Amino acid sequence: MNDPVAVCAMEHVAEMLALRVSTSRQLGADPELVLYGGGNTSLKADWHAPGLATHACLYVKGSGTDLAQVTEADFTPLALAPVRALLEQALETLRLAKLNG
């Protein structure tokens, strides 16, 4: 990638994700805070794919990975715009259902 701004942004997200991994591991290492394998953590940050648009994302560490052993690869980026659109659509459906009784 030749775009220095995009490279800098990707490095910044990598640093933030590394910090989230560190805090997740610290939480996961304390059995009084989490059950084995349990716990979900997340990070809101932009996702920069080489040659593609930037998306506001929620990086989610979901269930199924031991929180004490989590790595950056265990966090999945969820683009927030389509998620918000789905939530708005669901809310509108509920509003209409309520109006129609």
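# A conversation about the sheet, the helices and one loop

Reader: To begin with the sheet, what is the order of its strands, and what is the pairing?
Author: The order is E1-E2-E3 in an open sheet of three strands, and the pairing is antiparallel. Please keep in mind that this is a predicted model.

Reader: Which strands stand at the edges?
Author: Strand E1 (41-48) and strand E3 (75-79) do. Each has a single partner strand, so one side of each is left without a neighbour in the sheet.

Reader: And what does the twist average from one strand to the next?
Author: The average is 35°.

Reader: How many bridges are there between E1 and E2?
Author: There are eight bridges, and E1 pairs with strand E2 (residues 54-61) in the antiparallel sense. Thr 41 has Lys 61 in E2 as its bridge partner, and Lys 44 stands opposite Leu 58 in E2.

Reader: How many bridges join E2 to E3, then?
Author: Five bridges join these two strands, which run antiparallel. If you wish to find a residue pair there, Cys 57 stands opposite Ala 79 in E3.

Reader: May we step back to the whole protein? In what order do the elements run from the N terminus on?
Author: They run α-β-β-β-α. In total, the secondary structure comes to two helices and three strands.

Reader: How confident is the prediction, and which element has the lowest mean pLDDT?
Author: The average pLDDT of the protein is 83, and 86% of the residues score at least 70. Among the elements, helix H1 (residues 4-28) has the lowest mean, 79, whereas helix H2 (residues 80-99) has the highest, 92.

Reader: What follows H2?
Author: Gly 101 follows, and its phi is positive, near 65°.

Reader: Which strands does H2 touch?
Author: H2 packs on the sheet and touches E2 and E3. The direction of H2 makes about 60° with that of E3.

Reader: A new topic: the loop between E2 and E3. Is Gln 69, which is found there, buried or exposed?
Author: Gln 69 counts as exposed, because its relative accessibility is 57% and the cut-off for exposed is over 50%.

Reader: Which residues does Gln 69 touch?
Author: Leaving aside residues up to four places away in sequence, Gln 69 touches Arg 25 and Asp 74. One distance may also be of use to you: the C-alpha atoms of Gln 69 and Ala 29 are separated by 8.5 Å, although these residues are 40 residues apart along the chain.

Reader: What about Ser 63, is that residue buried or exposed?
Author: Ser 63 lies in the loop between E2 and E3 as well. With 64% relative accessibility, Ser 63 counts as exposed. The C-alpha atoms of Ser 63 and Thr 41, 22 residues apart along the chain, are separated by 9.4 Å.

Reader: And Gly 64, buried or exposed?
Author: Gly 64 is exposed, with a relative accessible area of 75%. This glycine, Gly 64, lies in the loop between E2 and E3. The C-alpha atoms of Gly 64 and Asp 74 are separated by 9.6 Å, and the two residues are ten residues apart along the chain.

Reader: Finally, what share of the protein's residues count as buried?
Author: Of the 101 residues, 24% count as buried. The accessible surface comes to about 7100 Å², and 61% of that surface belongs to carbon and sulfur atoms.

Reader: What share of the contacts comes from residues 24 or more positions apart?
Author: Such residues account for 42% of the contacts with a separation of 6 or more.

Key
Residues numbered from 1 in each chain as written. Predicted model: local features only at pLDDT ≥ 70, side-chain atom pairs only at ≥ 80, totals over all residues. Heavy atoms only, no water. pLDDT = per-residue confidence, 0-100. Helix = DSSP H or I, 4+ residues; strand = E, 2+ residues; numbered from the N terminus. Buried < 20%, exposed > 50% of the residue type's maximum accessible area, 1.4 Å probe, protein only. Contact = heavy atoms within 4.5 Å. Areas by Shrake-Rupley, 256 points an atom, 1.4 Å probe, with all protein chains shown as cover. Pairing = 2+ DSSP bridges. Axes fitted to C-alpha atoms, helices over the stretch in contact; angles between N-to-C directions.
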